[in-house]
Amino acid sequence: MRRFLHLFPALLFTLAALFSFPVTVLAGEGDDVHGLEVDVNGYHVVLSSHDEWQRGKNVIVVTITDSMGMPVEQADVEIMFAPVTKGHAEPEEDSHDVEPGHGSMTGMEPEEDGHDTPEASEHEEETPTMLAIQEGHEPGTYEAEVRLVNSGEYDVQVFFHVTGEMLQADFKVNVPGAGAQTLVLWSFLLVNTLVITSAGVMRKQSQNVKGMN
Amino acid sequence: MAAELKPSYRNILSGGNLLQIKAIDRLMRSKWFPGIIQWPTLLLFMLIMFQLLLGPDSAHDNLGTALTWVLWWPLIPILFLFLGRFWCAICPFATINDLVQKFVGNNRPVPRFLKKYGIWIIDALFIFITWSDHVWGVVENPFGSGILMLMLTTGVIASGSFFERRTFCRYVCFLGGLSGNYARTGMLALRGTPEICATCTAASCFKGTDKAPGCPLFEFPKTMSSSANCVICAACIKNCPNDSIQLTVRPPTRELWFIRKPRMEEAFLSAVIMGIVFVQNVTMLEVWGAMLKWLEKAVGTTNYAITFSITFAIAILIPVTLLGITSWIAGKFNKSSLLENFTRFGYAIIALDVAGHIAHNLFHLLAEGKSIFYTALALLGQEVHGASPAVVGMETIQFLQYGLIALGFVASLYTAYRIARSHQTTGAVWGTFAPYAALIVVLTVMNIYLFMLPMAMRM
């Protein structure tokens with residue numbers, strides 16, 4: 001028993017450290033290499049985020065290949081994010097040949113020069129923005145930084161102009177938000193409470209043992 | 001007998017005891033010190049935590065991010081330079097440790113493995129945390145910064161619950177390791193008066209009395225020769241029955257000239273810090289994007305964790321390898337082994353580390369300093385839009401950065417000379433010093449080159 005009491009602090013200390021690490025890692029871990037995929041008029045469009053989708057800054061990558069699997073280069077590609085709200089009409093899958101409207105957009109801001117500007121935050125909630133995205137360094141890839149203000153589900157529309165026509169690919173993206181963060185916070189609270197309670201119990205036990213001696 | 005002896009009275013600027021000044025003496029002996037600074041710091045920390053974990057998601061709107069990474073992080077190395085490791089006395093994590101210890105602490109002895117490998121653990125943690133900041137974006141993500149703080153909080157709670165004094169601060173805290181190295185350059189030193197301590201058998205400074213607890217970082221002023229683990233909490237000043245403790249002002253870096261027991265892990269950390277300063281600078285440069293693309297093509301993956309890890313490893317290996325090669329060359333002159341030279345002369349680059357660290361963070365403090373006020377105003381419902389966060393112009397910042405690097409260069413050079421002089425016979429001094437002088441020139445040029453290039457902001 002005494003030996004157990006001797007080892008217990010070290011065990012709990014290690015447990016506390018180990019427990020806090022994986023949760024943190026999961027909360028921010030990146031590289032979701034498997035993007036969302038859609039076929040539009042024979043074109044294969046993949047939407048992915050450089051890291052896991054998150055509130056705040058996201059580096060998005062759109063990859064377009066033709067029916068032969070060849071990368072589509074030098075296309076004009078634009079993207080829109082719209083948070084899914086109650087009563088929001090579901091976009092049609094694989095819709096084609098539409099003129100993109102610059103409708104009301106919320107929850108999305110393009111990142112400028114790698115960091116935000118005070119002006120950007122001013123329009124954070126309401127600015128209707130269609131974001132043009134630039135070609136990436138891999139053929140057929142297009143990259144941009146966007147800042148997603150809210151968590152939850154987003155309707156994402158990718159518009160791309162090829163051979164004189166404009167095509168649209170629709171995606172749904174889930175941005176984990178407060179739920180995951182709350183879980184992380186509760187985990188910390190739980191671990192710390194456990195540590196403090198155990199320490200209190202052990203202290204009382206050792207005081208009792210001393211009192212008996 | 002001991003009580004009859006008093007520390008000698010000398011001019012403060014020539015190493016006299018600061019406790020000769022009544023106001024300082026009263027402050028240090030006051031039961032309110034350091035609590036009077038410690039408790040407001042804890043309150044501020046709670047506000048920061050609230051902002052980081054529950055405040056705005058965007059770093060540039062978050063007061064917690066501004067206070068942590070634009071104010072506190074740049075000020076920390078400056079504090080070490082002027083006040084030694086005093087920050088650790090008022091650090092909110094230390095306060096939490098003390099609080100937990102007071103109510104539920106078991107005060108068990110420090111585990112042996114921590115005593116043996118503590119600094120290596122600190123080295124590893126420091127490298128890991130810097131790496132994870134880049135890969136997972138801790139600084140630019142307020143919640144990520146909050147998680148880092150929570151991890152440290154969990155660490156101090158666990159340590160305070162089970163182990164004695166401030167075990168975490170002394171043996172685990174990554175910032176403690178950094179501060180230990182930087183505090184050696186500090187201008188404030190606390191020591192016992194040898195003649196008085198020699199006759200003392202009470203050891204109240206270490207054990208504690210009813211006036212104050214014993215040294216929280218397990219130091220014994222009687223034999224203490226370094227400020228690396230002295231947080232100037234003044235507990236020993238209160239406890240000493242013989243008024244033996246002296247608080248003196250010394251020239252910056254002086255301690256580095258006479259390291260009695262140089263340790264490999266501390267020398268290694270000083271080289272690692274230089275590499276980390278490089279990597280912090282490189283990744284904030286506007287050319288970083290182009291470098292990353294080149295690296296992605298070279299290694300055939302766009303996975304940032306991989307490409308950054310390679311960059312990080314290279315940046316850290318550069319100063320470590322250069323110090324190793326220099327130590328090998330110096331060994332040809334002084335007949336010491338590579339390891340002996342590495343361990344002794346690693347301390348010489350600490351001054352340049354501190355200068356590089358301050359210079360790097362000066363950019364954030366001065367180019368983004370006003371964001372602290374803007375985010376504080378936003379918290380009170382006053383939005384500021386379109387205003388520049390810069391406190392001074394870029395030319396002024398660069399001028400200050402070059403000035404700091406120049407000071408660091410001179411201090412490192414002189415330290416290398418003093419270390420060479422204290423260990424070698426006259427003939428070997430210059431032969432030993434020359435390779436290290438060349439190394440310091442190379443590291444200085446690398447630093448200056450990096451500061452010449454435009455940098456991106458944190459907020």
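Modeller: Chain A has 3 helices and 9 strands, where helices (H or I, at least four residues) and strands (E, at least two) are DSSP runs, numbered from the N terminus. This is a predicted model, in which local features need pLDDT of at least 70, side-chain atom pairs count only at pLDDT 80 or more, and totals for chains, interfaces and linings use all residues. Residues are numbered from 1 along each chain as its sequence is written, while chains are lettered from A and ligands numbered from 1 in the order in which they are written.

Biologist: In what pattern do the elements of chain A follow each other along the sequence?

Modeller: The pattern is α-β-β-β-β-β-α-β-β-β-β-α. Of the 213 residues of chain A, 27% count as buried. A residue is buried if 20 or more other C-beta atoms lie within 10 Å of its own, exposed if 12 or fewer, and partly exposed in between, with C-beta atoms placed from the backbone.

Biologist: Why is Val84(A) classed as it is?

Modeller: Val84(A) has 16 other C-beta atoms within 10 Å, so it is partly exposed. Val84(A) sits in the loop between strand 4 (76-83) and strand 5 (108-110) of chain A. Beyond its neighbours within four places in sequence, Val84(A) is in contact with Gly152(A), Glu153(A), Tyr154(A) and Asp155(A); contact means that the C-beta atoms of two residues, placed from the backbone, lie within 7 Å.

Biologist: How should I read the packing of two helices?

Modeller: Two packed helices are described by the angle between their axes and the distance between the axes. Axes are lines fitted to C-alpha atoms, for helices over the stretch in contact, and angles run from 0 to 180 degrees between N-to-C directions. In chain B, the axes of helix 9 and helix 14 come within 10 Å and cross at roughly 100°. Helix 9 and helix 14 of chain B are therefore roughly perpendicular to each other, a label for angles of 65 to 115 degrees.

Biologist: Which residues make that contact?

Modeller: Helix 9 of chain B supplies Gly177(B), Leu178(B) and Asn181(B), and helix 14 of chain B supplies Glu266(B), Leu269(B), Ser270(B) and Ile273(B).

Biologist: Why is helix 9 of chain B described as largely enclosed?

Modeller: 9 of the 10 residues of helix 9 (residues 174-183) of chain B are buried, so the rest of the structure largely encloses it. The cover over its buried residues includes helix 3 (63-83) and helix 18 (350-368) of chain B.

Biologist: How many residues of helix 18 of chain B are buried?

Modeller: In helix 18 of chain B, 19 of its 19 residues are buried.

Definitions and conventions:
Parallel < 35°, antiparallel > 145°, perpendicular 65-115°, else oblique.
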